[in-house]
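Welcome! Here is a short tour of one protein model, written for someone new to reading structures.

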Amino acid sequence: MKRIAEGRTAEIFQQSHESVIKLYRSGFPKEAISYEYEITKRVASLGIPVPQVYGLVEIEERVGIIFEYLDGKPLLQKMVEHPLELDDFAVMLADIHVMLHRFEVPADEGVNHFRKQKEVLASNIHQVDQLSPDEKNAILQYLEELPNGNRVCHGDFHPDNVLIGEKRWILDWTDGMIGNPAGDVARTLLLLRYGTLPDAAPDHVKEQLEGVRKQMGDVYINHYLTQSHLRFDEIDQWLMPIAAARLKDWIPEEEKDQLRSVIRERFYRKN
Ligand SMILES: Nc1ncnc2c1ncn2[C@@H]1O[C@H](COP(=O)(O)OP(=O)(O)OP(=O)(O)O)[C@@H](O)[C@H]1O
Ligand SMILES: [Mg+2]
C-alpha cells in the first residue's frame, strides 16, 4: 500500500481506488479511534461532507479506520502552492466553518453520542501541568459560565483538515463535539495565529506560513463574522479556556509561550 499522507497521529495509506486506511501510530488510544469512527458516521448522516466510513482494521498491532478515498487537496497545500490567493483560501476556510456550524445536533438520542464541548475543555484543562491549581480553578469556573450550544463543532478545524476537490470535505473528526461555534472558531483562530506544523512538514512551507499567518487569521475571522450572527467579543471570550486546553497538547514550547500570554492577558483583564 502506498502512503499518501502523514499527520501527528496517523499515516494515511491508499488501499484501492475507492478507499484509504488511516492507520494510527502504535499506542494511540483505542477509545479515541472508535470515537472518531462513530462520530464520522454520525456527522455523515447529518449531511455534513465527510468521507464515508467503511470499517476498522488492525495491521501489525496498529488500528486503522477505512475511509472512502476523496480526490482532493488539503486547503493548506493549496495555500502553499498559490500564496497569491491566500485571502481567497482564508475566506473559503471561513465559509466551510460557517456551513458546518449551521448543523444542529438533533435533540433526541443524537446528543448522547457527541462529546460535550465544555466537558472536553474542562477535562483537558485539568490535565495541563503548566497552570497552577488556582489558575485552573479560575479558568474552569469562567468556562462553566460561557454559553452552551447545540451545534456540530469539529474541535480541530484548520486548513490541513479541509480537503478541496469536487466538493469541500471536512476530515479528521477525532475531536468532534457538540457545542457553541464561538469556541470552535476561537480554536481555529489560535491555530492560525500560533499553531505549529508537524515536524514532517518541509522547512520552506513552515517559513512561508510564518509570513502570512496574521493575515490568514484576520481574513478568516473577519469573513466568519460577516457570514454568521456572532460578534468578535463572543469569540474572544472563549480564547482563554481554549488556549488553556490546548496547553495539554503535545506542542512546541514557543507555541505554549504564546498561549500562556493569551491566557494571562485575559485572566488579568477579568480579575
Ligand atoms: N479519506 C481521505 N481521502 C483522501 N485523503 C485523505 C483522507 N483522509 C485523510 N487524507 C489525507 O491525510 C491527511 C491526514 O489525515 P487526518 O487529518 O485525518 O489525520 P492526522 O493528520 O494524522 O491527524 P492530525 O491532524 O492529528 O495530525 C489529510 O490532510 C489528507 O491529506
Ligand atoms: Mg489532520
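The report below covers the domains, a pair of helices and a metal site.

## About the model

This is a predicted model, in which local features need pLDDT of at least 70, side-chain atom pairs count only at pLDDT 80 or more, and totals for chains, interfaces and linings use all residues. Residues are numbered from 1 along each chain as its sequence is written, chains are lettered from A and ligands numbered from 1 in the order in which they are written, and side-chain values use heavy atoms, with hydrogens and water left out.

## Two domains

Domain 1 covers 2-68 and domain 2 covers 72-270; such bounds come from an automatic or database domain assignment. Their C-alpha centres are 22 Å apart. In contact (heavy atoms within 4.5 Å) are 17 residues of domain 1 and 23 residues of domain 2.

## A pair of helices

On the α5 side, K118, L121, A122, I125 and H126 meet K136, I139, L140, L143 and E144 of α6.

## The magnesium site

N161 (OD1) and D172 (OD) coordinate the magnesium ion (ligand 2) at 2.3 Å; donors are N, O and S atoms within 2.8 Å of the metal (3.2 Å for Na, K and Ca), and water is not among the atoms, so sites may look incomplete.

Is N161 buried or exposed? N161 is buried, at 5% relative accessibility, while D172 is partly exposed at 23%. Buried means under 20% relative accessible area, exposed over 50%, and partly exposed in between, with a 1.4 Å probe and protein chains only.

How values were computed
Helices (H or I, at least four residues) and strands (E, at least two) are DSSP runs, numbered from the N terminus.
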